[in-house]
Amino acid sequence: MVAETTDKTFEQDTATGVTLTDFWATWCGPCRMQSPVVEQLAEEMGDQVTFNKMDVDANPNTPQSFGIMSIPTLLVKKDGEVVDSIVGYHSKDQLKKILAQYTEA
């Protein structure tokens with residue numbers, strides 16, 4: 001499952017473990033392509049990674065604080081620290097490979 005996160009809950013939602021946050025907007029075509037890929041990954045890797053999404057129009061502060069200028073941007077955090085930032089559309093295999101770097105002990 002991909003949970004909604006907001007400016008108020010983002011730090012708490014991404015404080016522990018490996019998290020992937022999809023920064024998106026309703027008007028963004030590539031975001032609409034990326035979203036089902038993130039949903040599929042959440043089903044497959046939900047026991048290893050916490051998946052969130054944030055509407056950048058409704059929550060401008062968090063994207064601004066991370067310098068996010070383009071969407072979709074996928075922000076990967078491990079134990080509260082940003083470890084990767086992925087800009088633009090990426091396939092499920094590409095994202096799986098990136099996340100594996102942080103989930104495999």
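The legends below describe close-up views of a predicted model. Local features are given only at pLDDT of at least 70 and side-chain atom pairs only at pLDDT 80 or more, while totals for chains, interfaces and linings use all residues. Residues are numbered from 1 along each chain as its sequence is written, and side-chain values use heavy atoms, with hydrogens and water left out.

**View 1. Strand β4 and its two partners.** Helices (H or I, at least four residues) and strands (E, at least two) are DSSP runs, numbered from the N terminus. Strand β4 (73-78) pairs with β2 (18-24) in the antiparallel sense over six bridges; two strands count as paired if DSSP finds at least two bridges between them. β4 also pairs with β5 (81-87), again antiparallel and over six bridges. Val76 of β4 is the bridge partner of Leu20 and stands opposite Asp84 in β5. Five of the six residues of β4 are buried, where buried means under 20% relative accessible area, exposed over 50% and partly exposed in between (1.4 Å probe, protein chains only). In a regular strand, side chains alternate between the two faces of the sheet.

**View 2. The turn between β4 and β5.** The two strands form a hairpin with two residues between them. Asp79 lies in this loop. Its phi is positive, at about 50°, although Asp79 is not a glycine.

View 3. The bond from Ile71 to Pro72 is cis, with omega near 0°. Pro72 belongs to the loop that runs between α3 (61-65) and β4.

View 4. Thr73 is found in strand β4. Why does Thr73 count as buried? Its relative accessible area is 2%, and the limit for buried is under 20%. The Thr73 side chain reaches the backbone oxygen of Ser70 at 2.4 Å. That is a polar contact, defined as a pair of N or O atoms within 3.5 Å; within protein, one must be able to donate a hydrogen and the other to accept it, and residues adjacent in sequence count only if both atoms are side-chain atoms. Leaving aside neighbours within four places in sequence, Thr73 is in contact (heavy atoms within 4.5 Å) with Thr21, Asp22, Phe23, Ile68, Ser85, Ile86 and Val87.

**View 5. The largest nonpolar core.** A nonpolar core is a set of buried Ala, Val, Leu, Ile, Met, Phe, Trp, Tyr and Cys residues joined through side-chain atoms within 4.5 Å. The largest one has 17 residues, and those with the most contacts inside it are Leu20, Val49, Phe51, Val76 and Leu99. Two or more residues come from each of β2, α2 (29-45), β3 (49-55), β4 and α4 (92-103). Helix α2 gives the most, with five residues. Beyond neighbours within four places in sequence, Val49 is in contact with Val18, Thr19, Leu20, Leu99 and Thr103.

View 6. A second, separate core has 10 residues, including Trp24, Cys28, Met54 and Ile68. Cys28 also forms a disulfide with Cys31, the sulfur atoms being 2.3 Å apart; the rule asks for a pair of cysteine sulfur atoms within 2.5 Å. By this rule the count comes to one disulfide. The link of Cys28 and Cys31 is right-handed, with 80° about the S-S bond. Both Cys28 and Cys31 are buried.

View 7. Rings of Phe, Tyr and Trp (its six-membered ring) pair if their centres lie within 6.5 Å; planes under 30 degrees apart count as stacked, over 60 as edge-to-face and the rest as tilted. The structure holds two aromatic pairs. The rings of Phe10 and Phe23 have centres 6.1 Å apart and planes at 55°, so this pair is tilted. Phe10 is in helix α1 (residues 10-13) and Phe23 in strand β2, 13 residues apart. The rings of Phe10 and Phe66 have centres 5.6 Å apart and planes at 70°, so this pair is edge-to-face. Phe10 and Phe23 are both buried, Phe10 at 1% relative accessibility, whereas Phe66 is partly exposed, with a relative accessible area of 30%. Ring pairs link Phe10, Phe23 and Phe66 into a cluster.
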